Amino acid sequence: MTKGRIFSGVQPTGNLHLGNYLGAIRNWVALQADFETIYCVVDLHAITVPQDPARLQQATREVAACLIASGIAPQKSILFNQSRVPQHAELAWVFNCVARLGWLNRMTQFKEKAGKNRENATVGLYAYPTLMAADILVYLATHVPVGEDQKQHLELTRDIALAFNSMFGVDFFPTPEPLIYKTAARVMNLRDGSSKMSKSDDSDFTRINLTDSSEMIAQKIKKAKTDPEPLPAEMAGLAERPEARNLIGIYAGLSGREEAAVLADFAGQGFGKFKPALADLAIEVIAPIGARMTELLEDRAELDRLLDHGAEQAAAIAAPVLDEVKQIVGFVR
Ligand code: TRP
């Protein structure tokens, strides 16, 4: 018996790093044990802002390869890219005719992404959340693992499900529950503990890329910013030491242990001791993922075959759901 059906999506962005792994990917892998899992690389969402076509293709394959290399097993999960399953876009149109302008106007992510020049944002960027609702509801998913920043979109998804049901007098769509990633897993910049680890930072030494070699991982950790104090015994002692706290958080994430437990192990030691231990652990976890990812990307035919298969499995669930929607709405089929 599974606990329900999970759907989640990830944008096809290049340069995946440790923050992506500890924030989302690792959770997705773990959820496979208890849920039916459907994971999607959201290329339709990607084009809500301008994309270079060749780059988009490459990034879509990279993210898919990264997920597989991290342990999203094609035998356990459905993995595909969004544009391969047309039911997402079809249901999104229906939801565009359910959701209200007033609801979308409240979306903070649109305001942030559109910036000052809102008139110039694409209609797609504005309608981004109705497509996201369609992603989830076209599978009648019950749970959606997302970061804190996507919580509002998930609330909107629930509102759309309820509004559809009441508009048509049916009890058709479920109201999916968010599974919010633990904020403790927030991975910060290795050179500045007050900003997030990011793929777009100019300096490569601020992040650990999932494709970094073992030597590179070791070097980046060696050069990570710290302070001269030894590690304290309690978490409270890290309150004013963001860089130290970040490294402890990374160690905890990579080892699957609580931060407090990690700290207890290293209490009283300096970074001269802690950093080599962290480097060993990071190499042990990350290097095999990078290696497998590179292998998958070199065998493009095999990777594309896996995505093909995923799209077929996804469509097998989505098509009958969309068929029922069409009947409910009153389309001649
Ligand atoms: N908007 C999500 C993000 O940027 C990606 C996404 C698209 C998604 N569709 C989804 C996440 C459906 C969960 C469920 O992170």
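1. The model is predicted: local features need pLDDT of at least 70, side-chain atom pairs count only at pLDDT 80 or more, and totals for chains, interfaces and linings use all residues. Residues are numbered from 1 along each chain as its sequence is written, and side-chain values use heavy atoms, with hydrogens and water left out.

2. Domain 1 covers 5–185 + 300–329, and domain 2 covers 204–294. These bounds come from an automatic or database domain assignment. The domain centres, taken over C-alpha atoms, are 31 Å apart.

3. About 1200 Å² is buried between the two domains, 72% of it from carbon and sulfur atoms. Buried area is the accessible area (1.4 Å probe) that two parts lose on being put together, summed over both. In domain 1, Leu 18, Tyr 21 and Ala 69 lose the most area to domain 2, together 40% of what that side buries.

4. Contact (heavy atoms within 4.5 Å) links 15 residues of domain 1 with 14 residues of domain 2.

5. Now the ligand. A polar side-chain atom lies 2.6 Å from a ligand nitrogen atom in the case of Tyr 128, and 2.7 Å from one in the case of Asp 135. For Gln 150, a side-chain N or O atom is 2.9 Å from a nitrogen atom of the ligand.

Notes. Polar contact = N/O pair within 3.5 Å; in protein donor to acceptor, adjacent residues only side chain to side chain.
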